[in-house]
Amino acid sequence: MSDPVTRLNAALEGRYAIERELGEGGMATVYLADDLKHERKVALRILGNQRATHGAPMINAGFVSGLGTNF
């Protein structure tokens, strides 16, 4: 099985390009990604497998601003 970033990039192709994982909690993992449509950095919160519907990841995207460039 491929790694999570590779699988997510395949599922989100054309919308987001995930760069790397930022952190992980009890219910979700947060990734740094490029929003391809709006040409900006975003933080994607991907809920765990138990929360996914029909095999598709559940996503909550937030624009990354004021965080500097130390990703």
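Strand 2 (28-35) and strand 3 (40-47) pair in the antiparallel sense over eight bridges. Strands here are DSSP runs of E, at least two residues, numbered from the N terminus; two strands pair if DSSP finds at least two bridges between them. The model is predicted: local features need pLDDT of at least 70, side-chain atom pairs count only at pLDDT 80 or more, and totals for chains, interfaces and linings use all residues. Residues are numbered from 1 along each chain as its sequence is written, and side-chain values use heavy atoms, without hydrogens or water.

Val30 stands opposite Arg45 in strand 3. Four residues separate strand 2 and strand 3 in a hairpin. In that turn, Glu39 has a positive phi of about 50°.

Strand 1 also runs antiparallel to strand 2, joined by seven bridges. Three residues lie between strand 1 and strand 2 in their hairpin. Glu24 stands opposite Thr29 in strand 2.

## Nonpolar core

The largest nonpolar core has nine residues: Leu8, Leu12, Tyr16, Ile18, Tyr31, Ala33, Val42, Leu44 and Ile46. Such a core is a set of buried Ala, Val, Leu, Ile, Met, Phe, Trp, Tyr and Cys residues joined through side-chain atoms within 4.5 Å. Strands 1, 2 and 3 each give two or more residues to this core. Strand 3 gives the largest share, three residues.

Tyr31 has contacts (heavy atoms within 4.5 Å) with residues including Pro4, Leu8, Arg20 and Val42, not counting residues up to four places away in sequence.

Terms used:
Buried means under 20% relative accessible area, exposed over 50%, partly exposed in between (1.4 Å probe, protein chains only).
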